[in-house]
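Dear colleague,

I am handing over the structure we spoke about, and would be grateful if you could look through it alongside the notes below.

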Amino acid sequence: MKKMNLKSERRGIHVDQSELLCKKGCGYYGNPAWQGFCSKCWREEYHKARQKQIQEDWELAERLQREEEEAYASSQSTQGAQSLTFSKFEEKKTNEKTRKVTTVKKFFTASSRAGAKKAEIQEAKAPSPSINRQASIETDRVSKEFIEFLKTYHKPGQDIYKQCKLFLDTMNHKRDLSIEEQSECAQDFYQNVADKLQTRWKVPPEKVEKAMDQIEKYIMTRQYKYVFCPETTDDEKKDLAVQKRIRALHWVTPQMLCVPVNEEIPEVSDMVVKAITDIIEMDSKRVPRDKLACITKCSKHIFNAIKITKNEPASADDFLPTLIYIVLKGNPPRLQSNIQYITRFCNPSRLMTGEDGYYFTNLCCAVAFIEKLDAQSLNLSQEDFDRFMTGQTSPKKQESDSFSPDVCLGVKQMCKSLDLLSQLNERQERIVSEAKKLEKDLIDWTDGITKEVEDIVEKYPLEIKPKSQALAAIDSENVENDKLPPPLQPQVYAG
């Protein structure tokens, strides 16, 4: 408490200690968003309010049941006024049903806690218990995995854990700082730990990278709800603007963006669906590295789709337009918030190097292109672009605009089918013509090769010389003509 007062005085802020304590007097700090209670006391008060509301709902339901039984009994006893009683009974039953529905809605809304508008706003801002339980389970799991991982580092692992705990405690006391200042603290912490791993603890580079990934996972899992799309920034406003912009550009076709992807091929269509799924799944991850992994998987599916379509490796000029098309088609939730979160709290060594950093840079370029997309970017006239943006017409509806409004749907479908058959007939004729041309080219090539061979043979005739007479064998009778040297005579040397 004393440290907090000194820190506040340095910033020129005078805070009364009693105003910071929980209203229930438990000794912990209260939260203005929870009506001055601490998290524990607020949950207790909230639980009491819910139990009270449940009891009131049960009493109301029993009372309504009794009234319904009494109304039914009175309707059976009065035979003369049966129609009037029945109409009143139906009216009363409808009113009671409406009240029941209202009661159930109140039970599942924030008004069950207090009923006032201010309390509803505070309840909407406060995280629900189920979400807190889920976050707590995931946090515990990540903490256990982090501790098990650090056991392999022995003494450096203990120091790393102490440094992480100290950083988390420091960040908990820096909630009043701007998100940019918190980002600088996180980046400085990454740099300091990486330097200590390399210089002081002499950890190999490959183990340093693994350790930094685990440190980022442990820290950002705990800090996610505080630093992702905070209320002090305009990230949410940018998210809504990007989503609105993408919805307005739903009419953009792959041909306008020069996307080299043919979705009529089943394998390519599957790759496109997987890429869209990966880019949407990015919002469900809590760790910046996991979000980058989703972007990387999406990009690899895009490269595979282009490779299957073109039957050759994709280039960077093909990748970026396709990524823009995937973003337009998927419209990922909270796109700007995810980009800002990765930029602020991702490990800088991973963000600035490697394929993750390359794909993330392309995603940022794709979003910037979408925000500034105009008629010139799509090779359209300004009039067509404005009509497409306002929804007056669509490129997909231009074919059906040639029909009059009185034409029935069957006639339109028949005309489209005839048009398709005409295109198929032209395609078949073109294939037959190309096949005949190929056959003629093969015949001409064969004749040309034959003529070239004949010309070469004529120019350089093959002379066959007569067979030469074979030499006589050594043991034959014609020894004189062989001109062999005389045989060696044995010589005797006197001893």
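Predicted model: local features only at pLDDT ≥ 70, side-chain atom pairs only at ≥ 80, totals over all residues.

Residues are numbered from 1 along each chain as its sequence is written, and side-chain values use heavy atoms, with hydrogens and water left out.

Helix α10 covers residues 235-248, and its 14 residues reach 20 Å from first C-alpha to last, close to the 20 Å expected at 1.5 Å a residue (the expected span being 1.5 Å times one less than the number of residues; helices are DSSP runs of H or I, at least four residues, numbered from the N terminus). Its buried residues (under 20% relative accessible area with a 1.4 Å probe, protein chains only, whereas exposed means over 50%) are Asp235, Asp239, Val242, Gln243 and Ile246. Seen down the axis of α10, these residues fall within an arc of 100°, taken from the directions from the axis to the C-beta atoms, so they line one face of the helix. They pack against α13 (316-330), α14 (335-345) and α16 (354-371), with contact meaning heavy atoms within 4.5 Å, while Lys237, Leu240 and Lys244 are exposed on the other side of α10.

Ser183, in helix α8 (residues 179-199), is buried, with a relative accessible area of 10%. A polar atom of the Ser183 side chain lies 2.7 Å from the backbone oxygen of Arg344, and Ser183 touches Arg344 and Phe345, not counting residues up to four places away in sequence.

Turning to the rings, a search of the whole structure finds 16 aromatic pairs (rings of Phe, Tyr and Trp, the last by its six-membered ring, with centres within 6.5 Å; planes under 30 degrees apart count as stacked, over 60 as edge-to-face and the rest as tilted). The rings of Tyr224 and Phe228 have centres 4.9 Å apart and planes at 20°, so this pair is stacked; Tyr224 and Phe228 are both buried. The rings of Phe319 and Tyr359, with centres 5.9 Å apart and planes at 55°, form a tilted pair, which links distant parts of the chain, Phe319 being in helix α13 and Tyr359 in helix α16, 40 residues apart. Ring pairs also link Tyr224, Phe228, Tyr341 and Phe345 into a cluster.

Technical notes: Helix = DSSP H or I, 4+ residues; strand = E, 2+ residues; numbered from the N terminus. Polar contact = N/O pair within 3.5 Å; in protein donor to acceptor, adjacent residues only side chain to side chain.
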